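Hello,

Here is the structure I promised to pass on. Please open it first, then read my notes below.

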There are 2 protein chains.
Amino acid sequence: MTTGHIGYMEAALEEARIGLKEGNIPLGSIVILDGEIVGRGRNLVTSQHDVTAHAEVVAIREACAELKKSELSGGVLYTTVEPCPMCCWAILISGIETLVLGARLADLQRYYGEYSVETLMKLTGKSVELVTGVLSAECADTWRQKK
Amino acid sequence: MTTGHIGYMEAALEEARIGLKEGNIPLGSIVILDGEIVGRGRNLVTSQHDVTAHAEVVAIREACAELKKSELSGGVLYTTVEPCPMCCWAILISGIETLVLGARLADLQRYYGEYSVETLMKLTGKSVELVTGVLSAECADTWRQKK
């Protein structure tokens with residue numbers, strides 16, 4: 001784990017904290033390309049009336065818009081909590097190369113059957129490089145502040 | 001299969017055809033609630049530079065915005081081709097009650113490993129009522145017109 005990972009995960013945590021103030025579940029993500037933040041996202045499901053506005057999807061959409069591209073080859077996505085299957089597949093089809101996780105769903109006692117990033121990759125045959133355990137306690141604590 | 005299913009799938013096919021003219025892969029979806037169309041979507045990945053803008057996600061987002069709700073309990077989603085895992089999970093978490101499919105991914109020789117709506121439901125333990133085979137040949141033919 002490098003300083004870079006911690007600094008970028010702090011930026012994702014900052015998104016999560018802003019989301020909490022706006023009345024959403026505190027979850028945040030950022031997308032990095034060539035060392036630059038090209039997308040920031042936080043869960044906006046409640047405040048924006050959009051069940052698809054999870055942090056990862058919001059960050060990916062912003063990165064695509066910023067770069068005027070429909071894919072994000074070579075990108076790195078940092079997210080405070082392991083993504084749900086919707087967000088995981090968005091990451092897998094976007095061309096993002098590395099997924100960096102804070103807390104795992106299991107750390108939060110959140111279970112969707114046997115789902116995890118790894119089991120979806122196994123089911124579909126699509127994969128991303130996975131880095132885990134970056135500020136995981138802070139990410140879990142932040143999620144637990146949800147109303 | 002009722003007249004209703006065919007009429008609604010025709011509306012989804014019309015979205016797919018509009019998308020093709022805009023330079024996208026011809027895939028369309030609609031969301032029905034209480035017999036009314038509350039969301040329409042087509043694949044906008046290329047034209048809008050958004051890797052998450054699949055027909056189902058676009059239709060769900062529009063329905064949520066239209067209804068000013070973050071969930072779509074009791075809704076029915078019609079889609080011209082079996083959704084990818086991203087869209088399938090968006091459907092499963094939205095509270096949509098019934099998913100009506102035109103073509104299956106296998107009809108188009110599109111495979112993501114062992115993924116299907118059924119295998120993702122089995123993996124995650126979340127489910128939706130599934131209706132298949134509505135205008136499937138027309139839906140497959142429309143998809144094959146992609147550039």
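Let me start with the interface. Chain B and chain A bury about 2600 Å² between them. Carbon and sulfur atoms give 69% of that area. On the chain B side, three residues stand out: H49(B), V51(B) and L123(B). They supply 25% of the area that chain B buries against chain A, more than any other three residues. The contact takes 30 residues from chain A and 30 residues from chain B. Bear in mind that this is a predicted model.

Now to chain A by itself. It has five helices and five strands. From the N terminus on, their order is α-β-β-α-β-α-β-α-β-α. The radius of gyration of chain A is 14 Å, close to the 15 Å that the globule rule gives for 147 residues, so chain A is as compact as a globular protein of that length. Its C-alpha trace spans about 35 × 35 × 35 Å along the principal axes.

Next, the packing. Of the 147 residues in chain A, 57% are buried. Take the contacts in chain A with a separation of 6 or more: 60% of them come from residues 24 or more positions apart.

Last, surface and charge. Chain A exposes about 6200 Å². Chain A carries 14 positive and 19 negative charges.

Best wishes

Definitions and conventions:
Residues are numbered from 1 along each chain as its sequence is written. Chains are lettered from A and ligands numbered from 1 in the order in which they are written. This is a predicted model: local features need pLDDT of at least 70, side-chain atom pairs count only at pLDDT 80 or more; totals for chains, interfaces and linings use all residues. Side-chain values use heavy atoms; hydrogens and water are left out. Helices (H or I, at least four residues) and strands (E, at least two) are DSSP runs, numbered from the N terminus. The radius of gyration is taken over C-alpha atoms; the globule rule is 2.2 Å times the number of residues to the power 0.38. Buried means under 20% relative accessible area, exposed over 50%, partly exposed in between (1.4 Å probe, protein chains only). Contact means heavy atoms within 4.5 Å. Accessible areas come from the Shrake-Rupley method with a 1.4 Å probe; for residues, only the protein chains shown count as cover. Lys and Arg count as positive and Asp and Glu as negative; His and the chain ends are not counted. The place of a charge is taken as NZ of Lys, CZ of Arg, CG of Asp or CD of Glu. Buried area is the accessible area (1.4 Å probe) that two parts lose on being put together, summed over both.
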